[in-house]
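The sequence and structure come next.

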Amino acid sequence: MTETKLNNAKTINAWCMYDWANSVYSLVITSAIFPVYYQAVTTAADGNDKVNFLGVEMVNSVLYSYALSFSFLIIAPLLPLLSGMADYTGNKKVFMKLFCYTGGLSCIGLFFFTSTSLPWGIFCVVMASIGYSGSLVFYDAYLPEIASEDQFDKTSARGYSFGYFGSVIMMVIALAFILSPATFGFSNAGIATRFSFLMVGAWWIGFAQIPFARLPDNPFHQRPGKQKLLNGYNEIIKVWHSLKENRDIKFYILAYFFYNMGVQTVMYLAATFGAKELKLPDFKLIGTVLLIQIVAAVGANLFARFSGLYGNKVALMTMICFWIVICVGAYFVTNEYQFYAIAFAVGMVMGGIQSLSRATYSKLIPKNSIQHASYFSFFDVTFNLSVVFGTFSYGLIEHITGSMRNSTLALASYFVIGLIFLTQVKSRSIQK
């Protein structure tokens, strides 16, 4: 195992560059510019927010929530089999590239999304989401191979920090184009906005070439035979049986499923909440998202240090408690300054809980295992399913009650359930 460790700064930094590459999707497409653009092109001049999608009429934000849920529902059953094949063949990077290019090209495709091409826009949203989620499985699986266990927390936090800072740079460039389109040769802000989606795809694919060039193709020197699909299935079955016998991973996966429902739904729909419930203008929403990203980079590193002092379990439980307070507080938000305060708090715990969740799972994987992609496929399937249930329930509650505020209370309950399951994880590797 030690012979295959690529524990050096250049490899770790190259690995972190994939966070730098793909996080522009998370910020520009899922959190900031695209949701605002989507609301603008799907809302009529008289304020009507109903859209007709393939013959079905629904609220535009509900359609968006359902589209995201659908994308994760598609990728969830594919990931375990593909990761089993990746472990068997040793070709994690091949699958990582496949999903990266799918996501990047789909972002480029959003350049052609206008008010008259809603089905195309939703298709690209779904495919970009699939590409992003799929690539993360194989990317995350490299963490136990490039860093020793005592470095997991800091390395994971560094990756997320790279992502937050890279996405802010991309965001500033996009905003410059959107706010002053004529300066950069665009006829209007709409075209400049669509061009920012194209830039996201180019950035994602372009910077991904750095980790693709540096990360190993076959770190454990696997020599696959024939029947790769069957043997890939066998690999995932082995890991599944291992997971069933590992009490700590089972409870951690359950905890992660519930608290991540809350985390990801807040990330995906925070801008929409500000737009619909508080009627905040676009530039204030985008500024708020930028604030969250910058604070999140700081929070990721702060909680990595906190976990070094008190252990991953205590750090995660502390952040979950903060999230519960945030969700309840969001229900009572009535003005923009309260919204900014909530956004600052979200940023502080968002980076920490994301990076430590990945690092904690890495510590729970059996030390003698080389099936990292298979193990992480269950982690990322849990991630995807949590987003499915989180965004779907958020949209459903809004659809039934007519208010996104009621949905925030449901998110608080998810964090509470996650906290309860996390208390049952007893592994010494995540405690001090």
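In which sense, left-handed or right-handed, does α1 cross α8? The crossing of α1 past α8 is left-handed, a term for a near helix turned anticlockwise from the far one by less than a right angle, clockwise being right-handed.

This is a predicted model, in which local features need pLDDT of at least 70 and side-chain atom pairs count only at pLDDT 80 or more, while totals for chains, interfaces and linings use all residues. Residues are numbered from 1 along each chain as its sequence is written, and side-chain values use heavy atoms, with hydrogens and water left out.

**Overall fold**

The protein chain contains 15 helices and two strands; these are DSSP runs (helices H or I, at least four residues; strands E, at least two), numbered from the N terminus. For 432 residues, a compact globule would have a radius of gyration near 22 Å, and the 21 Å of the protein chain agrees with this. The radius is taken over C-alpha atoms, and the globule rule is 2.2 Å times the number of residues to the power 0.38. The C-alpha trace spans about 65 × 40 × 40 Å along its principal axes. Of the 432 residues, 60% count as buried (under 20% relative accessible area; exposed is over 50%, partly exposed in between; 1.4 Å probe, protein chains only).

Two packed helices are described by the angle between their axes and the distance between the axes. Here axes are lines fitted to C-alpha atoms, for helices over the stretch in contact, and angles run from 0 to 180 degrees between N-to-C directions.

| Helix pair | Angle | Axis distance |
|---|---|---|
| α1 (residues 9–31) and α8 (residues 189–214) | about 165 degrees | 8 Å |
| α1 and α7 (residues 152–179) | roughly 45 degrees | within 7 Å |

α1 and α8 are therefore roughly antiparallel, whereas α1 and α7 are oblique. The cut-offs are under 35 degrees for roughly parallel, over 145 for roughly antiparallel and 65 to 115 for roughly perpendicular, with the rest oblique. α1 passes α7 in a right-handed crossing.

Residues of α1 that meet α8 include M17, W20 and Y25, and the α8 side includes F197, W203 and F212; contact means heavy atoms within 4.5 Å.

**A residue in α15**

T408 lies in helix α15 (residues 404–422). T408 is buried, at a relative accessible area of 5%. Leaving aside residues up to four places away in sequence, T408 touches F273, C327, A330, Y331 and Y394.
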